[in-house]
Amino acid sequence: MSASTERPPAPLRYADAGVDVQAAEASIGGLRRIAERASRPEVLGGVGAFAGLFRLGAGRYRDPVLVASADGVGTKLLIAGALGRYEGVGQDLVNHCVNDILTAGAEPLFFLDYLATAGLAQERRLELVAGIGAACEENGVALLGGETADMPDLYSPGDYDLAGFIVGVAEREAVLDGSAIEEGDVLIALPSTGLQTNGYSLVREIFGVAKGPGEERDRELLDEHVEDLGGTLGDALLAVHGSFLGVVRPLLPRLCGMAHITGGGLPGNVPRMLPEDLRAQIDAASWEPPPLFAHIQRAGGIEDGEMFRTFNMGIGMVLVASPPDATAVLEAAPGSWRCGVVERRAEGAPAVAGLPE
């Protein structure tokens with residue numbers, strides 16, 4: 001029997017399984033430059049180590065409390081992917097997290113990101129992190145580090161998910177935990193910038209976009225000009241989730257509570273800042289939700305109550321101030337308005353009243 005002339009199979013590499021370590025390492029320089037722009041003097045070391053180091057600073061705080069939060073962007077990522085626009089969702093991620101810890105009165109210190117994907121091009125990854133870096137720089141937050149995980153088979157080719165982790169600090173005596181809220185306090189609304197980062201699964205169901213194969217059809221629908229919106233549906237849906245830090249920071253001494261209006265809308269988020277014996281009486285006639293919400297409601301035949309339970313309806317943040325402070329807050333916060341009042345809550349009564357059910 002003659003010896004086999006078949007050549008042995010080529011040895012497998014990690015890249016053959018869908019994880020290209022060399023390509024990822026080639027992107028580290030770009031990631032490092034982004035992090036260097038979004039830094040603070042307290043950062044020790046740079047991107048590339050196993051852990052980020054941040055010096056809190058001796059003597060700067062009397063009784064510091066660290067305030068932390070983690071969040072994601074949700075299925076807004078699918079809209080961004082359908083349009084090939086990635087930088088904005090990186091900004092969404094940072095601003096959402098900044099707003100969350102701001103509700104406790106915290107100054108943001110540093111941020112870390114987590115990107116999980118399968119086969120997302122390196123340039124798209126850099127766009128995502130560039131958006132994260134831009135928002136960190138704008139908010140004065142250090143981009144301390146992050147993680148990119150290639151996970152073929154867990155994600156379909158080109159799919160990705162994005163999460164963020166933020167740490168801030170507040171003096172213990174200045175922490176906003178809702179305990180100072182009293183009956184008669186004024187509810188003040190800050191306008192949102194569109195859907196922010198919530199409700200996109202329902203939006204995708206209504207308009208039939210970003211639900212699987214069909215990229216060309218997705219682009220056609222999302223790039224179509226909608227007269228009611230004064231632009232395209234895609235532009236309206238990808239409006240960046242704004243940061244409220246710049247507006248709210250100087251107002252913190254005048255506030256006794258704050259709610260970031262995310263998933264669950266006003267009914268799901270306003271109660272999170274209230275003592276159990278108080279409720280929010282919302283004046284639903286005090287504002288007209290932006291046209292995007294009416295467009296979504298008409299297209300999906302959605303009931304009023306469902307709209308308020310799903311979307312922010314034009315309110316990005318609700319502030320609570322005592323009556324003597326409310327006027328100064330309203331004057332200092334552009335576009336703000338009085339949207340309700342804090343009342344005594346009867347046993348068994350809902351924590352939010354005045355909204356469609």
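Let's start with a pair of strands: β4, residues 107-117, and β6, residues 160-171, run antiparallel and are joined by ten bridges. As an example, Glu107 has Val169 in β6 as its bridge partner. Before I go on, this is a predicted model, where local features need pLDDT of at least 70 and side-chain atom pairs count only at pLDDT 80 or more, while totals for chains, interfaces and linings use all residues. Residues are numbered from 1 along each chain as its sequence is written, and side-chain values use heavy atoms, with hydrogens and water left out.

A word on terms: helices (H or I, at least four residues) and strands (E, at least two) are DSSP runs numbered from the N terminus, and two strands pair if DSSP finds at least two bridges between them.

So where do β4 and β6 sit? They belong to an open sheet of four strands, in the order β3-β6-β4-β5, with mixed pairing. β3 (64-72) and β5 (142-150) are at the edges with a single partner strand each, so one side of each has no neighbour in the sheet. From one strand to the next, the twist averages 15 degrees.

Now the helix α4, residues 87-102. It lies across β3, β4 and β6, at about 30 degrees to β6. Contact here means heavy atoms within 4.5 Å, and the angles run from 0 to 180 degrees between N-to-C directions, with axes fitted to C-alpha atoms, for helices over the stretch in contact. α4 also lies across β10 and β12, this time running at about 145 degrees to β10.

Those last two strands take us to another open sheet, six strands in the order β10-β12-β7-β13-β11-β14, again with mixed pairing. Its edge strands are β10 and β14 (352-353), each pairing on one side only. β10 (residues 255-260) and β12 (residues 315-321) pair in the antiparallel sense over five bridges, and Met258 has Leu319 as its partner in β12. Is β10 buried or exposed? Six of its six residues are buried, so this strand is largely enclosed by the rest of the structure. Buried means under 20% relative accessible area, exposed over 50%, and partly exposed in between, using a 1.4 Å probe and protein chains only. Further along the sheet, β11 (residues 278-282) and β13 (residues 337-344) are antiparallel too, over five bridges, with Leu278 opposite Arg344.

On to the inside. A nonpolar core is a set of buried Ala, Val, Leu, Ile, Met, Phe, Trp, Tyr and Cys residues joined through side-chain atoms within 4.5 Å. The largest one has 94 residues, and Phe111, Leu255 and Leu319 touch the most other members. α4 gives the most to this core, with seven residues. There's also a second, separate core of nine residues, including Phe110, Ala142, Leu144 and Val167.

My last stop is Met273, in the loop between α10 (265-269) and β11. At 7% relative accessibility, Met273 counts as buried. Which residues does Met273 touch, not counting those up to four places away in sequence? Among them are Asp177, Leu187, Met258 and Val320. Asp177 is 96 residues away along the chain, yet the C-alpha atoms of Met273 and Asp177 are separated by 6.8 Å.
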